[in-house]
Amino acid sequence: MRKAVAITAATLALFAALPAAAQFAKPTDAVKYREAAFKLMANHFGRINAMAQGKVPFDAKAAQANAEVLNMLAKLPWDAFPAGSNVGNTEAKPEVWSQPDKFKSGAQLLIDNVAKLDAAAKAGNLDQIKAAAGEVGKSCKACHETFKKD
């Protein structure tokens with residue numbers, strides 16, 4: 001499973017390295033891409049967060065593996081918000097494009113907090129993971145409140 005996750009993350013990272021114009025032939029392609037990245041992020045964060053909340057037993061190796069993938073994924077969706085991609089079935093509010101500096105700041109905060117979660121998971125300390133997961137959750141919530149439709 002870890003190999004499949006790593007391959008998926010590497011593939012997504014490869015696509016993220018391409019210029020945005022080359023990535024998205026149509027604005028709806030950007031919407032699909034960012035939604036896929038966010039779904040993967042939510043999946044891997046959910047696994048760690050379940051451990052942090054005591055809903056599932058703590059497994060240091062699983063936490064580390066999921067945090068590593070999440071750390072790669074956290075960098076992906078942000079280039080998938082080019083001008084004109086507020087079309088189709090998007091959950092992004094217009095504020096993404098009308099407040100780009102605030103949006104970029106929120107994205108960077110999430111990326112930074114995920115990196116701290118990754119470091120905590122590598123250390124294998126559940127208390128550090130709990131604290132870092134809490135900060136990631138706050139980052140997600142703040143962005144959702146401002147930039148995501150209900």
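## Cysteines

A residue counts as buried when its relative accessible area is under 20%. In this predicted model, cysteine 143 has 15% relative accessibility and therefore counts as buried. Cysteine 140, with a relative accessible area of 26%, is partly exposed.

A disulfide is a covalent bond between the sulfur atoms of two cysteines. The cut-off for a pair of cysteine sulfur atoms is within 2.5 Å, and by this rule the model has zero disulfides. Cysteine 140 is in no disulfide, its nearest cysteine sulfur being that of cysteine 143, 8.1 Å away. Seen from cysteine 143, the closest cysteine sulfur is in cysteine 140, and a bond is ruled out because 8.1 Å is too far.

## Largest pocket

The volume of the largest pocket is about 590 Å³. Its lining is made up of 27 residues, and those closest to the centre are Arg34, Phe38, Glu91, His144 and Lys148. Helix H3 (27-52), helix H6 (100-123) and helix H7 (126-147) each give two or more residues to this lining. H3 gives the most, with eight residues.

Sorted by class, the lining of the largest pocket holds 17 nonpolar, five polar and five charged residues.

## Second largest pocket

The second largest pocket holds about 190 Å³ of space. Among the residues lining it are Trp78, Phe81, Trp97 and Phe103, together with Asp79 and Lys104. Helix H5 (95-98) and H6 each supply two or more lining residues here, and the largest share, four residues, comes from H6.

This lining divides into eight nonpolar and two charged residues, with no polar ones.

How values were computed:
Residues are numbered from 1 along each chain as its sequence is written. This is a predicted model: local features need pLDDT of at least 70, side-chain atom pairs count only at pLDDT 80 or more; totals for chains, interfaces and linings use all residues. Side-chain values use heavy atoms; hydrogens and water are left out. Buried means under 20% relative accessible area, exposed over 50%, partly exposed in between (1.4 Å probe, protein chains only). On a 1 Å grid over the protein atoms alone, a cavity is a set of points where a 1.4 Å probe fits but cannot get out, and a pocket is an open set with protein on both sides within 12 Å along at least five of seven lines; lining residues have an atom within 4 Å of a point. Grid points are joined across faces, edges and corners, and a volume is the space filled by probe spheres set on the points. Ala, Val, Leu, Ile, Met, Phe, Trp, Tyr, Cys and Pro count as nonpolar, Asp, Glu, Lys and Arg as charged, and the others, Gly among them, as polar.
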